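Welcome, and please open your viewer. We will walk through this model stop by stop, selecting one piece at a time.

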Amino acid sequence: MFNLFNKPKDRQALINPHSEHTTLIINKGNTLLNSALNAGIDWPYKCKVGSCGTCKCKVLSGGVKAQIDFGYVLSPDEINEGYVLACQSELKSDIEVEINLNK
Amino acid sequence: MRLFVNARYLIVPFSSLVTIFGIFQGNVFSWIGVILFGIYTLIDTVTKDIHLRAEKDTNGNSFGIKEFQYVVMYIMLPVFILLQVALAIRLYQFTSGSTLEELIFLGIAYESGISFLNLIGATLSTGLWAGLGIIYGHELSHNKKEGFFVSRLIMALSGASHFTYAHVYNHHLDLGHEDDPATAPRGRNVYLHSWLSHAGQSKYSYDLEKNKLTKQGKSVLSFHNKWIIGYLYSLPSIFLFIWSGGFLGLVALIGVWSISNFLLEALNFMGHYGLIRKSGTPVGHRHSWDNDNVFTSWFFIEIGRQGDHHVRGETYFWELDDVGAPNYGIGYFSLFVLTLIPALFRSYVKNLLEDWDSNHATEDEVEVSNKFKALGILS
């Protein structure tokens with residue numbers, strides 16, 4: 001109950017845990033994409049409104065809060081495999097995420 | 001400064017309330033929405049050379065107060081409902097033969113019935129301000145939480161709930177390309193564009209739902225279909241107007257929707273007329289026309305800063321700025337008047353498009369522009 005009065009915590013995203021291991025802090029209300037871009041990470045993107053799918057990435061562990069229905073851009077299989085749109089994802093917990101930064 | 005920056009965006013809320021008040025008062029005040037539109041066109045023309053940048057504090061933060069601006073935008077939903085209710089009451093009085101008497105309520109004179117001429121004024125006023133209210137439907141379409149739903153409801157009041165999905169998933173993705181029905185190619189006039197853009201966006205929204213539901217194994221003809229749900233949101237308006245005015249009510253609603261959707265599509269028309277983008281290339285500032293003189297900026301809650309908006313689609317309107325996008329040099333009201341006379345509009349944009357081809361377009365974009373010129377379409 002007393003958790004109601006605690007300030008929400010910032011979350012962490014571990015990007016590409018099986019290769020370069022970049023850790024990113026994501027403030028509440030910020031999206032994964034904007035946080036990555038603000039940190040100088042060359043995350044691929046085009047529209048930033050959830051319509052092009054360029055910022056698509058795969059969440060390996062943890063959960064995100066989708067700002068929009070990913071179903072318009074991602075297939076049901078992709079969603080089941082953990083793919084999300086970084087530009088429309090806030091973090092519900094710390095996550096590990098895989099993204100091809102060399103696109 | 002903080003108070004001023006936030007209060008200056010209240011022109012439309014204030015004017016909408018004045019318009020509603022005028023319709024309730026009746027008589028010549030039914031025309032007040034039309035008169036305001038004319039006055040604002042004059043102010044916009046006179047202030048065409050005054051341009052301001054987005055103000056920021058010493059830390060680089062905007063003075064805009066998100067909570068305040070969102071409360072205002074949400075309140076506009078019941079305001080626009082009240083606008084339709086005001087017209088519906090007048091329709092009921094007209095069709096039921098209410099006498100034209102001047103009465104007093106709380107010290108304010110109002111007319112108990114309405115003449116046919118003033119009913120036309122009330123209908124035009126409602127259509128114009130419902131149309132101008134679409135700026136809130138647009139802004140909220142970029143909010144991915146409850147604002148998106150409010151956007152759908154605001155647009156549904158004009159029978160255009162499909163806009164919210166089509167704008168985000170189609171217009172922002174395919175801008176400047178033939179796949180975007182909201183981008184007007186060179187040579188098209190605003191009257192044709194309003195039909196093609198409206199129908200094209202609705203079709204896109206339907207196809208979007210169809211593809212999603214097919215992928216999910218759900219029926220297209222079901223309540224999972226947001227395109228269908230969107231049109232169902234418009235049913236209360238239809239019932240209200242038919243109940244209040246019968247056939248005349250239906251005619252009035254068609255009039256209101258025609259005006260409001262024409263204004264919406266005129267904004268789309270002006271925002272990207274004749275601009276070209278090669279499919280697959282990133283959207284840049286050059287793919288939108290800015291209309292950012294001071295009155296247009298404040299009245300249209302910075303929607304005229306299209307160059308910045310299309311590159312930073314997630315940015316709140318009060319943070320949008322001049323980014324060096326191609327600029328018409330006049331505001332939306334003044335330009336809207338020009339678009340109503342297609343030959344005049346094309347004459348006005350001819351030099352602007354030549355400048356765009358020479359100083360903004362890439363080689364690929366010039367190649368497309370040359371195809372238009374080969375067909376004799378210069379603007």
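**Stop 1: helix H15 of chain B**

Select residues 342–359 of chain B, which form helix H15. Helices (H or I, at least four residues) and strands (E, at least two) are DSSP runs here, numbered from the N terminus. H15(B) has 18 residues, and its first and last C-alpha atoms are 25 Å apart, close to the 26 Å expected at 1.5 Å a residue. That expected span is 1.5 Å times one less than the number of residues in the helix.

Before moving on, a word on the model and its labels. The model is predicted, so local features need pLDDT of at least 70 and side-chain atom pairs count only at pLDDT 80 or more, while totals for chains, interfaces and linings use all residues. Residues are numbered from 1 along each chain as its sequence is written, and chains are lettered from A and ligands numbered from 1 in the order in which they are written.

Now centre the view on Lys350(B). H15(B) has a kink of about 35 degrees centred there; the bend at a residue is the angle between axes fitted to the seven residues ending there and the seven starting there.

Next, colour Phe345(B), Arg346(B), Val349(B), Leu353(B) and Trp356(B), which are buried. A residue is buried if 20 or more other C-beta atoms lie within 10 Å of its own, exposed if 12 or fewer, and partly exposed in between, with C-beta atoms placed from the backbone. Helix H14 (332–339) of chain B is part of what covers these buried residues.

**Stop 2: helix H14 of chain B**

Select H14(B) itself. Six of its eight residues are buried, so this helix is largely enclosed by the rest of the structure. Those buried in H14(B) are Tyr332(B), Phe333(B), Ser334(B), Leu335(B), Phe336(B) and Thr339(B).

**Stop 3: helix H9 of chain B**

Select residues 190–216 of chain B, helix H9. How far apart are the end C-alpha atoms of H9(B)? They are 38 Å apart, which agrees with the 39 Å that its 27 residues should span at 1.5 Å a residue. Among the buried residues of H9(B) are His193(B), His198(B), Tyr204(B) and Lys212(B). The buried residues of H9(B) pack against H8, helix H10 (226–232), helix H11 (235–272) and H14 of chain B. Step past the end of H9(B) to find Gly217(B), with a positive phi near 75 degrees.

**Stop 4: where the chains meet**

Show both chains. Here, 15 residues of chain B are in contact with 14 residues of chain A; two residues are in contact if their C-beta atoms, placed from the backbone, lie within 7 Å. On the chain B side, helix H8 (162–174) and H9(B) each supply at least two residues.

**Stop 5: Ser151 of chain B**

Zoom in on Ser151(B), in helix H7 (residues 146–156) of chain B. Is Ser151(B) buried or exposed? With 27 C-beta neighbours inside 10 Å, Ser151(B) counts as buried. Leaving aside neighbours within four places in sequence, Ser151(B) is in contact with Gly137(B), Leu140(B), Ser141(B) and Thr164(B).

**Stop 6: a hairpin and a loop**

Select residues 102–105 and 108–111 of chain B: strands E1 and E2 pair in the antiparallel sense over four bridges. Two strands pair if DSSP finds at least two bridges between them. Phe105(B) has Ile108(B) as its bridge partner. Between the strands of this hairpin are two residues, and Leu106(B) takes a positive phi near 55 degrees. Leu106(B) counts as exposed, with 5 C-beta neighbours inside 10 Å.

Then jump to Asn27(B), in the loop between helix H2 (11–25) and helix H3 (32–46) of chain B. Asn27(B) also has a positive phi near 55 degrees, and with 17 other C-beta atoms within 10 Å, Asn27(B) is partly exposed.

**Stop 7: the sheet of chain A**

Finish in chain A, with an open sheet of five strands in the order E2-E1-E7-E3-E5 and mixed pairing. Strand E2 (22–26) and strand E5 (83–85) of chain A stand at the edges with a single partner strand each, so one side of each is left without a neighbour in the sheet. Strand E3 (residues 56–61) of chain A pairs with E5(A) in the antiparallel sense over three bridges. To see one of the partners, select Lys58(A) and Tyr83(A).
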